[in-house]
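Biologist: Hi! Could you walk me through this model?
Modeller: Happy to, have a look.
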Amino acid sequence: MKEKRAEKRKKVYVKSYGRLSIFLLLLLVLAVVLLVNSSIFEISSINVMGNFRFSVQEIIESSGVAVGDNIFKLSEADIKERLENNPYISVIDIVREFPDKITIYISEREAAVQFEYAGVYCNADYDGVVLAATQTHDPALMLVKGLNLTGYKLGERIAVQDETLFSDYLELIKQLKGYSLIDQVSQADFSDNMDLKLTMDNGLTVKLGSIVQLADKLAYYSPAVDSLEKNGYADAMGQIKGVLDLSVMDNFAFMPSQEENANGDASQGAGENTGEDAGGNAGESGSGDAGGTTGGNADESGDGDTGGTAGGSTGG
């Protein structure tokens with residue numbers, strides 16, 4: 001009898017404990033629900049970091065977040081999607097600072113290049129994200145040609161047929177930034193991937209050959225320009241008419257334009273070979289020539305030939 005009574009008491013205890021556990025769990029859930037929905041977690045401060053084109057208020061309005069919203073009920077994915085409907089905005093991070101603050105970190109894209117597609121000029125950032133489409137070329141933006149484009153959509157990267165070629169474009173952008181030349185390029189032509197050409201703001205056409213060892217080739221640009229300027233190839237406006245060939249490693253060559261040949265005082269005629277090849281060492285200080293020795297002794301006022309070919313080497 002005693003065993004039966006003890007077993008009965010045990011069953012009653014287990015039932016009571018189980019009911020108490022359920023009651024406490026429900027009570028906890030209710031407390032959490034009440035706490036989460038209390039005014040403690042209503043947003044009182046919305047911060048925006050990284051904006052410069054758009055005001056803080058514009059970013060907040062576009063995000064859909066408002067003071068008084070519950071911090072737990074915000075969807076970061078929805079905030080990001082709403083903001084990035086504007087192609088100029090990229091959301092980096094959204095940080096909730098409990099109990100009542102939120103900070104939105106963004107970066108703003110800037111138009112830096114133009115891609116021409118089917119008669120439309122697509123303004124894009126350096127990564128190729130299209131920001132706007134227009135019917136006219138903006139000379140303030142680098143025009144990129146020859147990438148075999150297949151389409152575009154605002155807020156997305158320009159569509160290309162050959163991803164390898166687009167990777168070459170990104171490598172060019174990276175190296176131009178590295179040498180602080182990015183703002184000096186008005187056009188980049190990838191029509192022949194073995195003969196990449198740049199058109200510079202100073203009038204030079206720069207031949208780079210293939211993308212191979214691009215950094216080493218671009219290292220010669222500034223010394224070569226210094227050499228040409230010192231040897232009289234630049235006009236009063238700093239313009240240098242001709243082709244600077246950097247496609248051969250450890251060397252550069254300059255070919256003046258036909259117009260420059262025809263107008264040069266020392267030229268013997270546009271149809272004649274009036275120049276001579278010359279080489280120099282960018283490290284030499286005797287001639288004060290940073291990039292090489294120009295052909296035809298353009299520094300002299302006598303029979304100096306400004307219509308020749310200039311070459312140099314920084315390799316010694």
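Modeller: Helices (H or I, at least four residues) and strands (E, at least two) are DSSP runs, numbered from the N terminus. The protein chain has seven helices and 15 strands. This is a predicted model, where local features need pLDDT of at least 70 and side-chain atom pairs pLDDT 80 or more, while totals for chains, interfaces and linings use all residues. Residues are numbered from 1 along each chain as its sequence is written, and side-chain values use heavy atoms, with hydrogens and water left out.
Biologist: Where do Phe72 and Phe98 lie?
Modeller: Phe72 is in the loop between helix 2 (56-63) and helix 3 (76-83), and Phe98 in the loop between strand 2 (89-97) and strand 3 (101-108), so the pair ties together parts 26 residues apart in sequence.
Biologist: Changing topic, what about Phe166: buried or exposed?
Modeller: Buried, at 2% relative accessibility. The cut-offs are under 20% relative accessible area for buried, over 50% for exposed, and partly exposed in between (1.4 Å probe, protein chains only).
Biologist: And which residues does the ring cluster link?
Modeller: Phe115, Phe166, Tyr169 and Phe190. Phe166 and Tyr169 both sit in helix 4 (residues 163-178), three residues apart, about one turn of the helix.

Key:
Rings of Phe, Tyr and Trp (its six-membered ring) pair if their centres lie within 6.5 Å; planes under 30 degrees apart count as stacked, over 60 as edge-to-face and the rest as tilted.
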